[in-house]
Amino acid sequence: ADKLIFDVGHQCYPHKILTERRDQMRTLRQPGGLSGFTKRAESEYDPFGAAHASTSISAGHGFAKARDLQGGDTHVVCVIGDGSMS
């Protein structure tokens, strides 16, 4: 499957809505609720636990390298924040 990797938590909120967690959005960052970040244990659609700026670039590179070594043809997309460019 293609990988969509986010740099920071707030970038992934629309992703959570589109990946079967819309009804839980009101629990975001609440005890027992949705994580404010992507979280592998939370959804099969979260391939990487995002946390801080620039992490998606190195994680994406790792996913792409693993894909290439396995002879895959999926896409790896990194959504970077503006802090990653400074």
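In the predicted model described here, His-15 touches Leu-4, Phe-6, Arg-21, Thr-38, Tyr-45 and Asp-46, residues up to four places away in sequence not being counted, where contact means heavy atoms within 4.5 Å. His-15 is found in helix H1, helices (H or I, at least four residues) and strands (E, at least two) being DSSP runs numbered from the N terminus. With a relative accessible area of 9%, His-15 is buried; the term buried stands for under 20% relative accessible area, exposed for over 50%, and partly exposed for values in between, computed with a 1.4 Å probe on protein chains only. The side chain of His-15 also reaches the backbone oxygen of Tyr-45 at 3.3 Å, which falls under the definition of a polar contact (a pair of N or O atoms within 3.5 Å; within protein, one must be able to donate a hydrogen and the other to accept it, and residues adjacent in sequence count only if both atoms are side-chain atoms).

Tyr-45 itself has its place in the loop between H1 and H2 and is partly exposed, with a relative accessible area of 34%. When neighbours within four places in sequence are left aside, Tyr-45 is in contact with His-15, Thr-19, Glu-20 and Arg-21. Tyr-45 and Arg-21 are 24 residues apart in sequence, and their C-alpha atoms are 11 Å apart in space.

Residues are numbered from 1 along each chain as its sequence is written, and side-chain values use heavy atoms, with hydrogens and water left out. Because this is a predicted model, local features need pLDDT of at least 70 and side-chain atom pairs count only at pLDDT 80 or more, whereas totals for chains, interfaces and linings use all residues.

The count of salt bridges comes to four, a salt bridge being a side-chain nitrogen of Lys or Arg within 4 Å of a carboxyl oxygen of Asp or Glu. Lys-16 forms one of them with Glu-42, the closest N and O atoms being 2.5 Å apart. This pair links distant parts of the chain, since Lys-16 lies in helix H1 and Glu-42 in the loop between H1 and helix H2 (55-69), 26 residues apart. Lys-16 is buried, at a relative accessible area of 0%, whereas Glu-42, at 24%, is partly exposed. Glu-42 also meets Arg-21 in a salt bridge between their side chains, at 2.7 Å from N to O. Glu-42 lies in the loop between H1 and H2 and Arg-21 in helix H1, so this pair ties together parts that are 21 residues apart in sequence. Arg-21 counts as buried, at 3% relative accessibility. Lys-16, Arg-21, Glu-42 and Asp-46 are linked in a network of salt bridges. A further salt bridge joins the side chains of Asp-68 and Arg-67, at 2.9 Å from N to O, and Asp-68 counts as partly exposed at 47% relative accessibility.

A search of the whole structure finds zero disulfides, a disulfide being a pair of cysteine sulfur atoms within 2.5 Å. The sulfur of Cys-12 is 14 Å from the closest cysteine sulfur, in Cys-78, and is therefore too far for a bond. Cys-12 counts as buried at 1% relative accessibility, whereas Cys-78, at 31%, counts as partly exposed.

At the level of the whole chain, the protein has two helices and two strands, which follow the pattern β-α-α-β when read along the sequence. The C-alpha trace spans about 40 × 30 × 20 Å along its principal axes. For 86 residues, a compact globule would have a radius of gyration near 12 Å, and the 13 Å of the protein agrees with this; the radius of gyration is taken over C-alpha atoms, and the globule rule is 2.2 Å times the number of residues to the power 0.38. Buried residues make up 31% of the 86 residues. Among the contacts with a separation of 6 or more, 54% are accounted for by residues 24 or more positions apart.

As for confidence, the mean pLDDT of the protein is 89, and 93% of its residues reach 70 or more, pLDDT being the predictor's confidence in each residue, from 0 to 100. Confidence is lowest in strand E1 (residues 3-6), at a mean of 91, and highest in helix H1 (residues 13-21), at 94.
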